[in-house]
Amino acid sequence: MKKPSLVISFSSNDFYSALKELKETGQPQEISNLSNLIVRLENAGSSIKLSEDSIGENSSLVIGKPVKTISYSIENKGKVQKIDLYLTENKKEYIVNSNTHLPVWLEIICNKSDLKHLNITCHWDYSLGKSIKDIIRQFYTISSLIKSLTDDVNSLTPLLNSLSTQVVRLTRIEAIQNQCHFRIKTNNLKDISESELKIDKLYWFLVKDKKIRDTAKPTSLKCILDKDNNLDKAIGQQLHVVLPQKKVISFYGKSIDLFYVNVLCNVIVSSIDRKDEQANILFKDSESDPAYISYSVFLNQDEAEKEATKATTEFTDYTNALTIEQLNVSAQ
């Protein structure tokens, strides 16, 4: 049985020029200055007029080329997965897109004169994802699709590495989210840009329970002492200093209370500037063996206080702590 069809007829002086441009570029074209617009439904030899208007000079219509849907199979994590690809063309090129309504999608352009060469571009919009896990899943699908398109995977290494970087970033954000027991809205992933350093620090602190060595070099410590406290004997000696600290940070629209345990390592007193109870302790400056700070972070204040008490006598984990860069390299 023949399906009903919708027929649109109109008059326009711009129709043929728009049609020519559509054929050349493949891009939808707007036809302005329409007149005598008629819309009718045809079915089984009969015709039903839905509308007939003299619509005036300001009306327009957009026409586009038909899109062919291709069912394409890929291997994704050991399983065969079918995805829909959408083919359009213009005078010079074939254009294939994956589903542009998903958070990650692919655009493939192939010149008709050189069918072996593919120009592949990946686009992503986190706000289109249902969840972080959903976005990660789409990245894996698109990566598998890219690998299936050509045997020359080496030429696509920069693109695949870029996608892999996004997966690592999102995986860490999801792990932080789960550790903090909240849910980040995918809209916020698009609207709020967090630095890689913040993501990495929270991941290693909260998810992997690591101590981190800061690259900054402490040069002095200001403190308040009892009048009878004599620090002069500390000159030339190494200090063991543990400093607790609380910070409130914003992370993709969420507020997180963090409790720091800061440990000053390799701190040797060079001099002391004291005025009554206030003292400014200056540290020995050494390029070859500098002072540094290592720290751990907790979501729970009681856990941070227990760690601070422990750290006053057990320094090894802090003195041997790695920097963010070293931890990231170790994870590769």
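**Close-up views of helix packing and buried residues**

View 1. Gln138 is found in helix α2, which spans residues 132-149; helices (H or I, at least four residues) and strands (E, at least two) are DSSP runs, numbered from the N terminus. Gln138 is buried, its relative accessible area being 14%, where buried means under 20% relative accessible area, exposed over 50% and partly exposed in between (1.4 Å probe, protein chains only). Once neighbours within four places in sequence are left aside, Gln138 is in contact with Leu102, Pro103 and Val104, contact meaning heavy atoms within 4.5 Å. Residues are numbered from 1 along each chain as its sequence is written, and side-chain values use heavy atoms, with hydrogens and water left out. Because this is a predicted model, local features need pLDDT of at least 70 and side-chain atom pairs count only at pLDDT 80 or more, whereas totals for chains, interfaces and linings use all residues.

**View 2. Packing of α2 against α3.** The axes of α2 and α3 are 9 Å apart and the two helices pack at an angle of about 160°; axes are lines fitted to C-alpha atoms, for helices over the stretch in contact, and angles run from 0 to 180 degrees between N-to-C directions. α2 is therefore roughly antiparallel to α3, given that angles under 35 degrees count as roughly parallel, over 145 as roughly antiparallel, 65 to 115 as roughly perpendicular and the rest as oblique. The contact is made by residues including Ile132, Ile136, Phe139 and Ile146 of α2 and Leu159, Leu163, Val167 and Leu170 of α3. By class, this contact of α2 with α3 has 13 nonpolar, four polar and three charged residues; Ala, Val, Leu, Ile, Met, Phe, Trp, Tyr, Cys and Pro count as nonpolar, Asp, Glu, Lys and Arg as charged, and the others, Gly among them, as polar.

**View 3. Crossing of α3 and α5.** Helix α3 (residues 157-180) and helix α5 (residues 196-207) have axes that come within 9 Å and cross at roughly 50°, and α3 and α5 are therefore oblique to each other. Among the residues that make the contact are Arg169, Arg172, Ile173 and Ile176 of α3, together with Ile199, Asp200, Tyr203 and Trp204 of α5. The residues of this contact of α3 with α5 divide into ten nonpolar, one polar and four charged.

**View 4. Asp200 within α5.** Asp200 lies in helix α5 and is buried, with a relative accessible area of 10%. Not counting residues up to four places away in sequence, Asp200 touches Arg172, Ile324 and Asn328. The C-alpha atoms of Asp200 and Leu327 are separated by 9.2 Å, although these residues are 127 residues apart along the chain.

**View 5. The two sides of α6.** In helix α6 (residues 301-311), the buried residues are Ala304, Glu307, Ala308 and Ala311. Seen down the axis of α6, these buried residues fall within an arc of 105°, so they line one face of the helix, the arc being that of the directions from the helix axis to the C-beta atoms. What covers the buried residues of α6 includes β13 (238-251), β14 (254-275), β16 (292-298) and α7 (316-319), while Lys306 and Thr309 are exposed on the other side of α6.
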